[in-house]
Amino acid sequence: MTRVQGLRSMRSLLSVLQVANIIGSCIATVRRYAASGKLAYVRIGNRLRFDPSVVAAFLESRSSE
């Protein structure tokens, strides 16, 4: 199973730190992607959470560039 397939099978939302580890960047970059609209998120209280399938699609779009 590839990393993208694994993400698509996950059911819980991901934190900024988890997304940063998955895409291989720092927390600030993930927050910048979210703020610019490149990476969709939901806000729960004051925290950002990411749908694993959205992160998988983001990874796929980056690999095709």
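Me: What does buried mean here?

Reply: Buried is under 20% relative accessible area and exposed is over 50%, with partly exposed in between (1.4 Å probe, protein chains only). This is a predicted model, in which local features need pLDDT of at least 70 and side-chain atom pairs count only at pLDDT 80 or more, while totals for chains, interfaces and linings use all residues. Residues are numbered from 1 along each chain as its sequence is written, and side-chain values use heavy atoms, with hydrogens and water left out.

Me: OK. Which residues of helix H2 are buried?

Reply: In H2, which spans residues 16-23, they are Val 16, Val 19, Ala 20, Ile 22 and Ile 23. Helices (H or I, at least four residues) and strands (E, at least two) are DSSP runs, numbered from the N terminus.

Me: Where do they sit around the axis of H2?

Reply: They line one face of H2, because they fall within an arc of 165 degrees seen down its axis. The arc uses directions from the helix axis to the C-beta atoms.

Me: And what do they pack against?

Reply: Helix H1 (3-9), helix H3 (27-36), strand E2 (47-49) and helix H4 (52-63). Contact means heavy atoms within 4.5 Å.

Me: What does Ile 23 touch?

Reply: Leaving out residues up to four places away in sequence, Ile 23 touches Val 30, Tyr 33, Val 55, Phe 58, Leu 59 and Arg 62.

Me: How do H2 and H4 pack?

Reply: The angle is about 30 degrees and the axes are 11 Å apart. H2 contributes Val 19, Ile 22 and Ile 23 to the contact, and H4 contributes Val 55, Phe 58, Leu 59 and Arg 62. Axes are lines fitted to C-alpha atoms, for helices over the stretch in contact, with angles from 0 to 180 degrees between N-to-C directions.

Me: Switching to H3. Which residues are buried there?

Reply: Thr 29, Val 30 and Ala 34. They lie on the same side of H3, because their arc around the axis is only 140 degrees. Arg 32 and Ala 35, on the other side of H3, are exposed.

Me: What do the buried residues of H3 pack against?

Reply: H2 and E2.
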